[in-house]
Amino acid sequence: MIDCFARLRPVAFIVLILTIWHFAIHYQKVHLLPTPLAVAGGVVELAQHGLLVKYVVASLFRVTWGFAGAAILAIPFGLALGWHRRSGMALNPLIQIFRPISPLAWIPISILWFGVGDVSAIFLIFLASFLPLTVTAMNAVASVSPVHINAARNFGLSQSQLVSRVLYPAVAPQLIVGLRITLGVAWLVVVAAEMIAVNSGLGFLIVDSRNAGNRYDLVVAGMVLIGVIGWLLDLGTRSLEKVKSLRWGYSED
Amino acid sequence: MGSIIADSTVLKSVVPETVSRKKVLKTKLHAEGISMVFNSDGNRVAVLEAIDLKVGEGEFVCVLGPSGCGKSTLLNIIAGFISPTCGQVRIDGDAVRGPDPRRIFVFQERGVFPWLTVEGNIGFGLFKLSKAERRERIAHYVKLVGLQGFEKAYPQELSGGMKQRLEVARALAVNPDVLFMDEPFGALDSITRLTMRGELLRIWRAERKTIVFVTHDIEESIQLADRVVVMSARPARIQRIVNIDISHPRDISSRRYLELRDGIFEQIGLAHKV
């Protein structure tokens, strides 16, 4: 029963907020926001025109490619840098200088290189994901207990066995946390990238709805969709953390 | 000061230096003239000085010394994790060039792999065996260290003592000739530590491994070892090797035990009064 209430409480809060939102808009004269019902209508309208699925898929497509590409390159790169301390230390200042540059600052460069289109947006997501994942992987290696490495050497593991049987499982919990956080960042960036660089996707929907006739119901519908999908992505990666052989990394022990 | 000198002459009569070994053991391990100097920030720190130690096959040797004296460094050198500045280690006549599965190092319980179950940890070093052999070996050592019922448990679900037994089982499972143990029970509470000593002796009698056991606990060394190697403060030298001529199970309130204990206390320069 307690569990049931705990699950219902967030739903109750959402309903409460929607109600307050609805009546607050209803009783004021200035048009600050569309009502929740108008937003729901906007979502339905998008679905009827086939744009809902098209835009969501377009955004997810860009995130998937940019994020997956970054993960495939950044994780081995970061692990290698973490393993070879010297090269890691040599490259670290450069990484730290690139890191504070917002991926959005790269928009002009990416348009110059790849033109206006999918590749540009994917490139921006790649940039947003690559360095955080590299740094996560680097730090994860640095935190592997030397006792575990020595134990593995003691049992006569080859270099590749050492990587697959000790290094990889030892860093996996930290990598998964890093992947989850970075996926959130990638999702933030795709919206911004679509506002400038392409003509489909949820970011495009928001800008386009405003430009083409101040359709604020569609603007907010786009925002809600972004929030819900971001939440689902986070839930998905979070479920990875429940895998039992990984859970040791999250306990305080 | 005068009384200490007088006492150490008494000690000599209690612990004869000319060791009369019950049986002559074949030399398993020989550390020859080991010296170790660390360079830290341009300072040369001598940690070990001219250590010469022979350990017989199947013998249980404790290396006893104050914290930070370099006894762990010595164990790491013997195990092949560190190369000494001078000297060399021979095991079965061959110079040690690195760690080897025939000689397993047992760390404190933090050495178990937290991402593997009890079974996974014990089977860690058995990758060269067939699946059936591996399963059989794992079952044997789960039983030997008394972890039945916890085969599928992860280390975080185990107590400190159980994790320590798991690590011993993982080491024994690959059937090594030698075990190196670096203060393995140091992180356990005193009651668990006492039980673990009994367990280790039981396992040692069953498996007859050569054991080199590093500790700073005088009582622990006398309860466990055939011989206790007493180290000096840094740079560590072998101060004395004490033969523990009491048969197992040892009565820790017997006269001989107390004599040996007091002898070592004085050797280290401690009066045994609190």
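Biologist: Which residues are buried in α2(B)?
Modeller: This is a predicted model, to be clear. In α2(B), the buried ones are B:Lys71, B:Thr73, B:Leu74, B:Leu75, B:Asn76, B:Ile77, B:Ile78 and B:Ala79. The helix spans residues 71-79 of chain B and is mostly covered, with eight of its nine residues buried.
Biologist: What comes just after α2(B)?
Modeller: B:Gly80, which takes a positive phi of about 90°.
Biologist: How much of chain B is buried?
Modeller: Of its 274 residues, 41% are buried.
Biologist: And how many helices and strands are in chain B?
Modeller: Chain B has eight helices and 10 strands. Take the contacts in chain B with a separation of 6 or more: 70% of them link residues 24 or more positions apart.
Biologist: On to the strands. In which sense do β1 and β2 of chain B pair?
Modeller: Antiparallel, over 10 bridges. Strand β1 covers residues 27-40, and strand β2 covers residues 43-56.
Biologist: What stands opposite B:Met36?
Modeller: B:Leu48 in β2(B).
Biologist: How many residues sit between the strands in that hairpin of β1(B) and β2(B)?
Modeller: Two. B:Asp41 in the hairpin takes a positive phi near 50°.
Biologist: How many bridges join β1(B) to β4?
Modeller: Five, and those strands run antiparallel. Strand β4 is residues 86-91 of chain B. Across that pairing, B:Glu32 stands opposite B:Gln88.
Biologist: Why flag that, or a positive phi?
Modeller: Because most peptide bonds are trans, and most residues other than glycine have a negative phi.
Biologist: OK, where is B:Asn175?
Modeller: In the loop between α5 (160-173) and β7 (178-182) of chain B. B:Asn175 is not a glycine, yet its phi is positive, about 55°.
Biologist: Why does B:Asn175 count as partly exposed?
Modeller: B:Asn175 has 15 C-beta neighbours inside 10 Å, so it counts as partly exposed. Buried would take 20 or more, exposed 12 or fewer.
Biologist: And what is phi of B:Glu183?
Modeller: Near 40°, a positive value again in a residue other than glycine. B:Glu183 is in the loop between β7 and α6 (190-207) of chain B. With 19 other C-beta atoms within 10 Å, B:Glu183 is partly exposed.
Biologist: Now chain A. At what angle do the axes of α2 and α10 of chain A cross?
Modeller: Roughly 80°, and the axes come within 8 Å. That makes α2(A) roughly perpendicular to α10(A). Helix α2 of chain A is residues 36-48, and helix α10 is residues 216-240.
Biologist: Which residues meet there, α2(A) against α10(A)?
Modeller: From α2(A): A:Ala38, A:Val39, A:Gly41, A:Gly42, A:Val43 and A:Leu46. From α10(A): A:Asp217, A:Leu218, A:Val220, A:Ala221 and A:Val224. By class, that contact has eight nonpolar, two polar and one charged residues.
Biologist: Last one. How many residues of chain B are in contact with chain A?
Modeller: 17 residues of chain B, against 16 of chain A. The chain B side has 12 nonpolar, three polar and two charged residues.

Terms used. Residues are numbered from 1 along each chain as its sequence is written. Chains are lettered from A and ligands numbered from 1 in the order in which they are written. This is a predicted model: local features need pLDDT of at least 70, side-chain atom pairs count only at pLDDT 80 or more; totals for chains, interfaces and linings use all residues. Two residues are in contact if their C-beta atoms, placed from the backbone, lie within 7 Å. Ala, Val, Leu, Ile, Met, Phe, Trp, Tyr, Cys and Pro count as nonpolar, Asp, Glu, Lys and Arg as charged, and the others, Gly among them, as polar. Axes are lines fitted to C-alpha atoms, for helices over the stretch in contact, and angles run from 0 to 180 degrees between N-to-C directions. Helices (H or I, at least four residues) and strands (E, at least two) are DSSP runs, numbered from the N terminus. Angles under 35 degrees count as roughly parallel, over 145 as roughly antiparallel, 65 to 115 as roughly perpendicular and the rest as oblique. Two strands pair if DSSP finds at least two bridges between them.
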